[in-house]
Each structure stands twice: as C-alpha cells, then as structure tokens.
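User: Hey, I'm new to this one and could use a quick tour. Can we go through it together?
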Amino acid sequence: MRIVLNTRREDPATRVCVDGLGSRLRDHGIDAVEGDWGRYDRYDVAVFMGYDDDAERARVQNPGIRIVLADPKQSRPEWLRAAREADALLVSSVEQREAFYRLNRNIFVYFMFPPMRAAIRRHEQGERLVI
C-alpha cells in the first residue's frame, strides 16, 4: 500500500497530522510519502488536512484512490462537503468523532500528540508555602 500525505500549510496541527503520521507509518514499514502533489496515480491512499484537500484532482487522476481527511473542520460549506465525500476521516478525539459522525461514518481516532521525550524531575523542598 502506498500513501501520500499532502498539505500546503505549516501550522502545528498540520505538522502533527502530516509529519507525525507520515513518520509513524514509515516506522511501521508502510510506504508513506509527503508532499507529492499531482501524481496521485502512484498511490492507493491520499491523506489531506480537512481544510487543505486536493481530492477532486486525486480522484480524476486515480479513480480507485481512497481519500482520508485529517482533522476535518465544520466552519465552511466546502469543508462539510469534503468531510461527507471523503472515504474516511482522521480525528483527534472521541468528541470530534461524535461531531462528524453525522457526516461520515468511517472515522478513525488518531491521538495527534507529537512524540515527547521523558524528563525526570526531582522536587526539592524550597521555601515554605502557606495557603
């Protein structure tokens, strides 16, 4: 299976959804490429941000491609239409899944937290605190 993850934005949500998901897929041996616009005939799945999709062109180039919208939005009619027409939605919480369930029943919850290194903290008694 070949997956393309495309976005034009550089915001934090996009970095977590596209970069984070892309690296996790590759870590598990899945062929995932980021930023390959316009060559959808090479892929089985295209992942777009909910507010930054290229689904129409992807489906024209490759009628069998599956479209996934990550972090879909509801504040514009075109974003609602895109959520309805997508093959699947990738949301960040159970609450977001419930909000989109009326539009699309094929929803996956992907907890979109960036990997963080553990940091050991040691508390040292300092000044007395009176509440």
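This is a predicted model: local features need pLDDT of at least 70, side-chain atom pairs count only at pLDDT 80 or more; totals for chains, interfaces and linings use all residues.

User: OK, and where is the place of Asp 71?

Analyst: Asp 71 is in the loop between strand E4 (66–70) and helix H3 (77–85).

User: Which side chain does the Asp 71 side chain make a polar contact with?

Analyst: That's Lys 73, with the two side chains making a polar contact at 3.0 Å.

User: And what does Asp 71 touch, not counting residues up to four places away in sequence?

Analyst: With those left out, Asp 71 touches Ala 13, Cys 17, Met 49, Gly 50, Leu 90, Gln 96 and Met 112. One more thing about Asp 71: the residue has a positive phi of about 50 degrees, although it is not a glycine.

User: How far apart are the C-alpha atoms of Gly 64 and Asp 44?

Analyst: They are separated by 7.3 Å, with the two residues 20 residues apart along the chain.

User: What does E1 pair with?

Analyst: One partner is strand E2 (residues 31–34), in the parallel sense over 4 bridges. Within that pairing, Arg 2 has Asp 31 as its bridge partner, and Val 4 stands opposite Val 33. E1 also pairs with strand E3 (residues 45–49), again parallel and over 4 bridges. There, Asn 6 has Phe 48 as its bridge partner.

User: What do E1, helix H1 and E2 make?

Analyst: A right-handed β-α-β unit, with H1 spanning residues 12–27.

User: You mentioned Phe 48. How many aromatic pairs does the structure hold?

Analyst: The structure holds 3 aromatic pairs. One of them joins Tyr 40 and Phe 48, edge-to-face, at 6.0 Å centre to centre with 65 degrees between the planes.

User: Are Tyr 40 and Phe 48 buried or exposed?

Analyst: Both Tyr 40 and Phe 48 are buried. Together with Trp 37, they form one aromatic cluster.

User: What sits over the ring of Trp 37?

Analyst: The charged end of Arg 8 does, 4.1 Å from the centre of the Trp 37 ring.

User: New topic: where is Asn 104 found?

Analyst: Asn 104 is in the loop between helix H4 (94–100) and strand E6 (107–109).

User: Why does Asn 104 count as buried?

Analyst: Because its relative accessibility is 7%, and buried means under 20%. A polar atom of the Asn 104 side chain lies 2.8 Å from the backbone nitrogen of Asn 106.

User: What is Asn 104 in contact with, leaving aside neighbours within four places in sequence?

Analyst: Asn 104 is in contact with Ala 83, Arg 84, Ala 86, Asp 87, Ala 88 and Leu 89.

User: Ala 88 is in that list. Which strand does Ala 88 lie in?

Analyst: Ala 88 lies in strand E5 (residues 88–91). With a relative accessible area of 7%, Ala 88 is buried.

User: And what is Ala 88 in contact with, apart from neighbours within four places in sequence?

Analyst: Ala 88 is in contact with Ile 67, Val 68, Leu 69, Asn 104, Asn 106 and Phe 108.

User: Last one: what separates the C-alpha atoms of Ala 88 and Leu 25?

Analyst: A distance of 17 Å, and the two residues are 63 residues apart along the chain.

Key. Residues are numbered from 1 along each chain as its sequence is written. Side-chain values use heavy atoms; hydrogens and water are left out. Two strands pair if DSSP finds at least two bridges between them. Helices (H or I, at least four residues) and strands (E, at least two) are DSSP runs, numbered from the N terminus. A crossover is right-handed if, with the strands pointing away from the viewer, the path from the first strand over the helix to the second runs clockwise. Rings of Phe, Tyr and Trp (its six-membered ring) pair if their centres lie within 6.5 Å; planes under 30 degrees apart count as stacked, over 60 as edge-to-face and the rest as tilted. Buried means under 20% relative accessible area, exposed over 50%, partly exposed in between (1.4 Å probe, protein chains only). A charge sits over a ring if NZ of Lys or CZ of Arg is within 6 Å of the ring centre and within 35 degrees of the ring normal. A polar contact is a pair of N or O atoms within 3.5 Å; within protein, one must be able to donate a hydrogen and the other to accept it, and residues adjacent in sequence count only if both atoms are side-chain atoms. Contact means heavy atoms within 4.5 Å.
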